[in-house]
Amino acid sequence: MNYRIVSSALRARPIATLHRAVPPGFATNVRFSSSDAHSQESFEAFSERYVAFFQGAQDLFEVQRGLNNCFAHDLVPSPSVIEAAVRAARRVDDYATAVRIFEGVKEKVENKQQYQAYLEELKPVREELGIDVKEELYTS
């Protein structure tokens, strides 16, 4: 019984911790993440970055990863980014992703007029690549 009391007392005692003096300026509490590099990025730099990304995408996984990252931001991608994404989707021969890009734009814009403006601006690209939007595919 005394053994139990002693072991409980030893477990309950406070453990002294040693604190090392760290020279000022040597230790920092700054966390770096991949998103920190783009936190103050302008809309033009954002657009250029994603246009370049989609122009270099070689397979469907890269295109879909880029779309996921691009649409995760709190802004509507520019028409040049949408054009590059659609061309990348067709380059990797995925018609469904090309159609879904326009569905993503429809969800991101604030109203129907903005969506129609995107469709009008990208109409030549859609006709060139043979892409119909969801509304044209399912008229019922």
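Where pLDDT is low, the predicted coordinates should not be read in detail. This is a predicted model, with a mean pLDDT of 82 for the chain, and 71% of the residues reach 70 or more. Among the elements, confidence is lowest in helix H1 (residues 2–12), with a mean of 58, while helix H4 (residues 79–91) has the highest, at 96.

With that in mind, let's look at the overall build. The chain contains eight helices and zero strands, so reading from the N terminus the order of elements is simply α-α-α-α-α-α-α-α. Of the 140 residues, 28% count as buried. Among contacts in the chain with a separation of 6 or more, 64% join residues 24 or more positions apart.

Now for the packing. Two packed helices are described by the angle between their axes and the distance between the axes. Take helix H3 (residues 60–72) and H4: their axes come within 10 Å and cross at roughly 160°. Angles over 145 degrees count as roughly antiparallel, which means that H3 is roughly antiparallel to H4. The crossing of H3 past H4 is left-handed. On the H3 side, the contact is made by Val63, Leu67, Cys70 and Phe71; H4 contributes Val81, Ile82, Ala85, Ala88 and Ala89. By class, that gives nine nonpolar residues, with no polar and no charged ones.

H3 also packs with helix H5 (residues 95–108), and here the angle is about 5°, with the axes 12 Å apart. H3 and H5 are therefore roughly parallel to each other. From H3 come Leu60, Val63, Gln64, Leu67 and Phe71, and from H5 come Thr97, Ile101, Gly104, Val105 and Lys108. How do the residues of this contact of H3 with H5 divide by class, and how many are charged? Six are nonpolar, three are polar and one is charged.

Finally, have a look at arginine 126, which is found in helix H7 (residues 123–129). Is arginine 126 buried or exposed? Its relative accessibility is 8%, and because buried means under 20%, arginine 126 counts as buried. Leaving aside neighbours within four places in sequence, arginine 126 is in contact with Phe102, Leu119, Ile131, Val133 and Glu136.

Key
Residues numbered from 1 in each chain as written. Predicted model: local features only at pLDDT ≥ 70, side-chain atom pairs only at ≥ 80, totals over all residues. Heavy atoms only, no water. pLDDT = per-residue confidence, 0-100. Helix = DSSP H or I, 4+ residues; strand = E, 2+ residues; numbered from the N terminus. Axes fitted to C-alpha atoms, helices over the stretch in contact; angles between N-to-C directions. Parallel < 35°, antiparallel > 145°, perpendicular 65-115°, else oblique. Left-handed = near helix turned anticlockwise from the far one by under 90°. Contact = heavy atoms within 4.5 Å. Nonpolar A, V, L, I, M, F, W, Y, C, P; charged D, E, K, R; others polar. Buried < 20%, exposed > 50% of the residue type's maximum accessible area, 1.4 Å probe, protein only.
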